[in-house]
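Me: I am new to this structure and would like to understand the words used to describe it. Could you take me through them with care?

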Amino acid sequence: EDGRQHPNPSSEGVGLASALRAATSRLAAITDTPRLDAELLLAHALGITRERLLIDPPAHVPAEFEGLLQRRLAHEPLAYITGTRDFWTISLAVGPGVLIPRPDSETLIEAALEHFAGRGTPRTILDLGTGPGTLLLAALSEFEQAQGLGIDASTQALDYALRNAAALGLADRARFSLGDWAS
C-alpha cells in the first residue's frame, strides 16, 4: 500500500464503475493486469462470472470486495483468492500448496492435438507432476476415449486433482497416484 487514502470500494455510496476504477488504480502497483484482477475479484465477491459482471452489472459493491482486494494487494495470487484457475477449456480448483496452472502450458495440449490429428486418439495419458490435474484433465477432455494417470509427490495436490476430476465428470477415466517420479 502506498500510504495514500483510497476510497473504500465497498462503501454503499460508491458505484460499481467507481469501485472498479479505484481498485484498478490501487492494483496497478502490483500487477500487469489491474483491471482484469479488479473485475475478477469483484465478480468473485458477488458470486457471479466476470462475463455477467460486465454484461449485467449489479447495483451494489459487496463489503467482501475490500477484503479480497487487500489480499491481492498483499501479493496473494488471484487464483488462490478465487479458488479457481481456467486452463485450456476447463476450470480447476486450486489453492495454497498447489501450483497454479500456467497459460503457456496449454501449448502442450496444442502439441498433443496436432500430433494425434489424423492418427486416432491416445489410449493412455501419463501426467508426471500433475498438480491439480491440469494437463491430464485437459487432455482427457479432448481425447474422449483415453484413460489417464496423474502422479504427484504432494497429497495436497492429488486431493485437488481428485476433486477436479470429479467436478469435470472425468473421475471414471482419471486415476491419481502419490509418487516421486524423478526417483
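**Terms and values**

Reply: Leu128 lies in strand E3, residues 124-128, where helices (H or I, at least four residues) and strands (E, at least two) are DSSP runs numbered from the N terminus. The model is predicted, and local features need pLDDT of at least 70, side-chain atom pairs count only at pLDDT 80 or more, while totals for chains, interfaces and linings use all residues. Residues are numbered from 1 along each chain as its sequence is written, and side-chain values use heavy atoms, with hydrogens and water left out.

Me: Why is Leu128 called partly exposed?

Reply: Buried means under 20% relative accessible area, exposed means over 50%, and partly exposed is in between, with a 1.4 Å probe and protein chains only. Leu128 has a relative accessible area of 36%, and therefore counts as partly exposed.

Me: What makes Leu126, Leu128 and Trp181 a patch?

Reply: Patches are made of residues with over 30% relative accessible area and no salt bridge, in which like charges are joined within 9 Å and nonpolar side chains (Val, Leu, Ile, Met, Phe, Trp, Tyr) within 5 Å. Leu126, Leu128 and Trp181 form a nonpolar patch of this kind on the surface, with about 320 Å² of accessible area together, and accessible areas come from the Shrake-Rupley method with a 1.4 Å probe, only the protein chains shown counting as cover for residues.

Me: How do you know that Arg26 and Glu66 form a salt bridge?

Reply: A salt bridge is a side-chain nitrogen of Lys or Arg within 4 Å of a carboxyl oxygen of Asp or Glu. The closest N and O atoms of Arg26 and Glu66 are 3.1 Å apart, and the pair therefore meets the definition. Arg26, at 8% relative accessibility, counts as buried, and Glu66 counts as buried at 16%.

Me: How many salt bridges does a search of the whole structure find?

Reply: The search finds 6 salt bridges. Among them is the one in which the side chains of Arg71 and Glu76 meet at 2.7 Å, N to O. Salt bridges that share partners also join Arg35, Glu39 and Arg50 into one network.

Me: What lines the largest pocket?

Reply: The largest pocket is lined by 21 residues, of which Leu40, Leu78, Thr82, Thr84 and Asp86 lie nearest its centre. On a 1 Å grid over the protein atoms alone, a pocket is an open set of points where a 1.4 Å probe fits, with protein on both sides within 12 Å along at least five of seven lines, and lining residues have an atom within 4 Å of a point. H2 gives the most to this lining, with 5 residues.
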